[in-house]
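Subject: Handover of a structure and its contact analysis

Dear colleague,

Please find below the structure that I am handing over to you. The findings are set out after it, and I would be grateful if you would read them alongside the coordinates.

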Amino acid sequence: MTKKLWQRNEVESPCINICVVHPESRLCTGCLRSIDEIGRWSAMSPEERRAIMAELPQRESVHAKRRGGRAAKLARRRD
């Protein structure tokens with residue numbers, strides 16, 4: 001006996017359970033959404049979610065380059 005499961009027709013979350021906010025970009029390093037987008041995700045319309053999902057590939061380059069480790073961090077503080 002198989003029952004038909006009820007499912008909502010909505011945009012899936014891009015969350016991959018790596019929830020760390022980058023200190024400079026203020027984007028989650030896992031899903032690339034902002035804190036505001038993450039917080040409002042469940043209340044957003046499907047259109048709003050689709051728009052954000054479409055932007056995510058362009059955000060990947062924000063975290064692609066290394067920042068230089070501890071030495072670079074200390075140098076930034078001196079500037």
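The notes that follow go from the overall fold to the core, the charged pairs and the surface.

The model is predicted, so local features need pLDDT of at least 70 and side-chain atom pairs count only at pLDDT 80 or more, whereas totals for chains, interfaces and linings use all residues. Residues are numbered from 1 along each chain as its sequence is written, and side-chain values use heavy atoms, with hydrogens and water left out.

Overall fold

The protein contains 3 helices and 0 strands, where helices (H or I, at least four residues) and strands (E, at least two) are DSSP runs numbered from the N terminus. Along the sequence the pattern reads α-α-α. Of the 79 residues, 23% are buried; buried means under 20% relative accessible area, exposed over 50%, and partly exposed in between, with a 1.4 Å probe and protein chains only. A contact is defined by heavy atoms within 4.5 Å. Among contacts with a separation of 6 or more, 45% join residues 24 or more positions apart. The accessible surface is about 6600 Å², and carbon and sulfur atoms hold 53% of that surface; areas come from the Shrake-Rupley method with a 1.4 Å probe, and for residues only the protein chains shown count as cover.

The nonpolar core

The largest nonpolar core has 6 residues: Val-11, Leu-32, Trp-41, Met-44, Ile-52 and Leu-56. The term denotes a set of buried Ala, Val, Leu, Ile, Met, Phe, Trp, Tyr and Cys residues joined through side-chain atoms within 4.5 Å. In soluble globular proteins, nonpolar side chains tend to be buried together.

Trp-41 sits in the loop between H1 and H2 and counts as buried because its relative accessibility is 7%. Leaving aside residues up to four places away in sequence, Trp-41 touches Val-11, Glu-12, Ser-13, Pro-14, Arg-33, Arg-49, Ile-52 and Met-53. The C-alpha atoms of Trp-41 and Glu-12 are 9.9 Å apart in space, although the two residues are 29 apart in sequence. With the same exclusion of residues up to four places away, Met-44 touches Glu-37, Arg-49 and Ile-52.

Arg-49, a contact of both Trp-41 and Met-44, belongs to helix H2. Its relative accessible area is 6%, so Arg-49 is buried. The Arg-49 side chain reaches the backbone oxygen of Ser-42 at 3.4 Å. A polar contact of this kind is a pair of N or O atoms within 3.5 Å; within protein, one must be able to donate a hydrogen and the other to accept it, and residues adjacent in sequence count only if both atoms are side-chain atoms.

Charged pairs

There are 4 salt bridges, each being a side-chain nitrogen of Lys or Arg within 4 Å of a carboxyl oxygen of Asp or Glu.

What does the pair Arg-59 and Glu-37 tie together? The side chains of these residues meet in a salt bridge at 2.8 Å, N to O. Arg-59 lies in helix H2 (residues 46-59) and Glu-37 in helix H1, so the pair ties together parts 22 residues apart in sequence. Both ends are buried, Arg-59 with a relative accessible area of 13% and Glu-37 with 11%. The side chain of Glu-37 also reaches the backbone nitrogen of Ser-34 at 2.9 Å. Beyond residues up to four places away, Glu-37 touches Met-44, Ile-52 and Arg-59.

Arg-59 forms a further salt bridge with Glu-55, their closest N and O atoms being 2.7 Å apart. These two residues are 4 apart in helix H2, which means a separation of about one helical turn. Glu-55 is partly exposed, at 38% relative accessible area.

In helix H1, Arg-40 and Asp-36 are likewise 4 residues apart, about one turn, and their side chains form a salt bridge (3.2 Å, N to O). Arg-40 is partly exposed at 36%, as is Asp-36 at 47%. A network of salt bridges links Asp-36, Arg-40 and Glu-48.

The surface

Ile-16, Ile-18 and Val-20 form a nonpolar surface patch with about 270 Å² of accessible area together. Patches consist of residues with over 30% relative accessible area and no salt bridge, like charges being joined within 9 Å and nonpolar side chains (Val, Leu, Ile, Met, Phe, Trp, Tyr) within 5 Å. Ile-16 lies in the segment before helix H1 (35-40).

Yours sincerely
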